[in-house]
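Subject: Structure handover

Hello,

Here is the structure I promised to pass on. Please open it before reading further.

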Amino acid sequence: MDLDTIREVVVARERADLGVLGGSCGVLAGGTFLFSEPQERLERLVDITTLGWPALSETHDGLEIAATCTLAEFAGAGPGRELGTPVLRAQWPGTALFAQGCRALLASHKIWRTATVGGNVCLSLPAGGVLAAVIALDGVALVWSPDGTDRRIPLREFAIGPGINLLLPGEVLRSITIPTRSLLARTAFRKIALSPLGRSGAVVMGRRERDDRCALTITAATSRPIVLDFAEPPSAAEVRAGIESIDPSTWFDDPHGAPDWRCHVTELLAQQVSAELHVEAGAQQ
Ligand SMILES: Cc1cc2nc3c(=O)[nH]c(=O)nc-3n(C[C@H](O)[C@H](O)[C@H](O)COP(=O)(O)OP(=O)(O)OC[C@H]3O[C@@H](n4cnc5c(N)ncnc54)[C@H](O)[C@@H]3O)c2cc1C
């Protein structure tokens with residue numbers, strides 16, 4: 001839709017162009033959310049897709065994903081895919097969650113090619129499938145502050161409520177780094193929705209690292225992402241205790257599922273994910 005409050009769109013070429021952000025000036029990435037409903041408080045947008053950030057870069061401690069990486073680029077970066085980029089490796093099984101996270105959200109071909117990783121993370125919706133994947137892989141956000149400094153936020157702490165996160169006015173999510181230990185981890189994924197193509201009612205993603213540490217990440221069912229950590233693959237009783245430890249007011253209530261249903265199905269999905277993580281690596285094929 002046309003945004004008739006917008007007076008100017010700034011095409012960013014360098015970091016200094018982001019200095020105008022804040023107040024009535026907002027970040028424009030893929031625009032798939034921004035242009036889907038009125039944005040009454042915004043008068044100016046800064047397009048960050050023109051900054052030329054490489055979508056995926058291997059670093060000394062993992063994989064850096066630019067905020068402007070599209071869902072198509074992110075989903076295409078899984079193991080065994082035709083990568084089109086030199087950085088993805090077949091021995092990074094953890095990247096399987098990239099495509100699974102993207103498919104957990106309802107997206108047309110057009111959104112798939114336009115929407116960005118950063119846009120999904122910064123929207124911080126409970127059903128944010130990309131946000132869920134980068135949390136499940138213990139990603140860390142690199143945030144550019146308006147005063148020229150940087151800060152890093154573990155993504156498990158980033159979203160604090162539906163559509164609410166720790167970004168301050170004028171801040172820009174620059175990238176997300178997935179640590180090597182998560183790229184090397186085995187993962188499992190379960191999603192449920194009230195209808196076959198419906199928005200996620202509950203999503204559980206599991207990660208088992210090479211030293212057997214495990215994490216279960218719960219999204220869509222809760223108003224903010226919840227991570228349950230375990231020193232080794234958890235027993236059924238430990239999974240149940242983990243679910244029971246979640247504050248009852250955290251179970252999300254919207255037309256895509258009632259809180260009691262979400263709590264119930266989340267435990268079922270978490271038990272399935274945990275069972276999959278219990279299977280030893282060599283026995284998976
Ligand atoms: C039909 C439809 C169905 C959808 N279904 C789902 C769904 O099931 N689950 C789900 O999670 N989402 C869903 N969405 C929303 C989806 O998350 C977004 O469309 C997309 O992921 C946002 O990416 P974008 O690049 O288009 O962001 P934009 O629309 O450009 O921006 C989204 C918001 O994030 C801010 N932002 C973007 N990038 C940055 C950055 N780097 N730093 C700081 N702020 C930034 C923008 O200012 C804006 O507030 C749906 C959208 C549509 C239109």
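First, the ground rules. This is a predicted model, where local features need pLDDT of at least 70, side-chain atom pairs count only at pLDDT 80 or more, and totals for chains, interfaces and linings use all residues. Residues are numbered from 1 along each chain as its sequence is written.

**Domains**

The protein chain is assigned domain 1 (8–47), domain 2 (56–181) and domain 3 (185–279). These bounds come from an automatic or database domain assignment. Between domain 2 and domain 3, the C-alpha centres are 20 Å apart. In domain 2, 23 residues are in contact with 22 residues of domain 3. Contact means C-beta atoms, placed from the backbone, within 7 Å.

On the domain 2 side, helix 2, helix 5 and strand 8 (159–161) each supply at least two residues. Helix 5 has the largest share, six residues. Helices (H or I, at least four residues) and strands (E, at least two) are DSSP runs, numbered from the N terminus. That side of domain 2 divides into 16 nonpolar, five polar and two charged residues. Here Ala, Val, Leu, Ile, Met, Phe, Trp, Tyr, Cys and Pro count as nonpolar; Asp, Glu, Lys and Arg count as charged; the others, Gly among them, are polar.

**Core**

The largest nonpolar core has 73 residues. Such a core is a set of buried Ala, Val, Leu, Ile, Met, Phe, Trp, Tyr and Cys residues joined through C-beta atoms within 7 Å. Buried means 20 or more other C-beta atoms within 10 Å of the residue's own, all placed from the backbone. I65, F74, V130, A133, V134 and V204 have the most contacts inside this core. Helix 5 (residues 129–136) gives the most to it, with seven residues.

V130 touches L71, F74, G101, C102, V117, N120 and V121, leaving out residues up to four places away in sequence. In helix 2 (residues 96–103), L97, F98, Q100, G101 and C102 are buried. Their cover includes helix 1 (71–75), helix 5, strand 11 (186–193) and strand 12 (200–208).

Best wishes

Methods
Buried ≥ 20, exposed ≤ 12 C-beta atoms within 10 Å, placed from the backbone. Contact = placed C-beta atoms within 7 Å.
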